[in-house]
Amino acid sequence: MQPAAPEPRLSDACQQWLDKFLLHLDIERGLSEHTVSNYRRQLTAIATELALEDWSGLTPSDVKRVMAIAKRQGKHARSIALQLSALRTFCHYLMRNEQLFSNPVEGIQAPKQGKPLPKQISVDDMQQLLSSPQDEGIECRDMAMAELLYGCGLRLNELTGLRLADCQGDGTLKVTGKGNKQRILPLGRTATKALNAWLKVRGQYASPYEPAVFVSKRGTRISNRQVANRLNQLAQSQNMNQTVHPHKLRHSFATHVLESSGDLRAVQELLGHANLSTTQVYTHLDFQHLAKVYDNAHPRARKK
């Protein structure tokens, strides 16, 4: 096993303002640890690539150079756009703190990127995934996690962040999403049954005073990676010929609810999207479903 690569060393001036910015994201804006870590990684890479001594020396030419290097390295357009977005936000922060007098990212466009539609699992395949009775402890936990991811459309962080106090006991679930925004979600019959089954045996695994709903065999809050691995194992045990990951269940939830109801605003609220435009990607999925129905049903559209 090779030793991990050493962390890039920034100049004291660059590191000082980067640390202040990350603290601002954490404390003042309340962003998640994962998001703050992404900002740190992106901005550290930029400062290292340009060998910056001070952020005040950053120019539009430097920004274009970073993008050109990323393209030569074969990075996807989405990765380059994320890096540019992180730098733009950071530069706004530096301007407010009088470390920059103009934003060097202003006017620089991110590379165009396609918008791949989120992959979903069909209703029949979801029935297959969730049909196996899971009566024992860890398997019972895995089924409850799968039922909540699909039944409530949870993000992975929302699932692993659930606390016992969030289970209202009245058929609803309190969820803390991005930016620490909370929302109350309805719990369906099967999700409630699966969750209650896990809660009955949870005490056999959870460490004392552990508030997390879902715990690992060690008795502490289960990690995101463990959830993903267990979900894929569940799919393999059901002989599903596809990879199943937590976000795929969230996409399936949104698609199936929208196909049945046509209520985009309701889906937005259930998913916890701040902007309707984020939810509108599922209208494209819905159109694909309608187009398939048309192709199969209309006499002038049927293929020979």
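Tutor: α10 passes α11 in a right-handed crossing, meaning the near helix is turned clockwise from the far one by less than a right angle. Helices here are DSSP runs (H or I, at least four residues), numbered from the N terminus, and strands are E runs of at least two. This is a predicted model: local features need pLDDT of at least 70, side-chain atom pairs count only at pLDDT 80 or more, and totals for chains, interfaces and linings use all residues. Residues are numbered from 1 along each chain as its sequence is written, and side-chain values use heavy atoms, with hydrogens and water left out.

Student: What angle do α10 and α11 pack at?

Tutor: About 155°, with their axes 9 Å apart. The axes are lines fitted to C-alpha atoms over the stretch in contact, and angles run from 0 to 180 degrees between N-to-C directions. So α10 is roughly antiparallel to α11 (over 145 degrees).

Student: Which residues in α10 and α11 meet?

Tutor: R250, F253, A254, V257 and L258 in α10 meet L264, V267, L270 and L271 in α11; contact means heavy atoms within 4.5 Å.

Student: New topic: how many residues has the largest nonpolar core?

Tutor: It has 44, and L154 is one of those with the most contacts inside it. Such a core joins buried Ala, Val, Leu, Ile, Met, Phe, Trp, Tyr and Cys residues through side-chain atoms within 4.5 Å, buried being under 20% relative accessible area with a 1.4 Å probe, protein chains only.

Student: And where does the largest share of this core come from?

Tutor: From α6, with nine residues.

Key: Buried < 20%, exposed > 50% of the residue type's maximum accessible area, 1.4 Å probe, protein only. Parallel < 35°, antiparallel > 145°, perpendicular 65-115°, else oblique.
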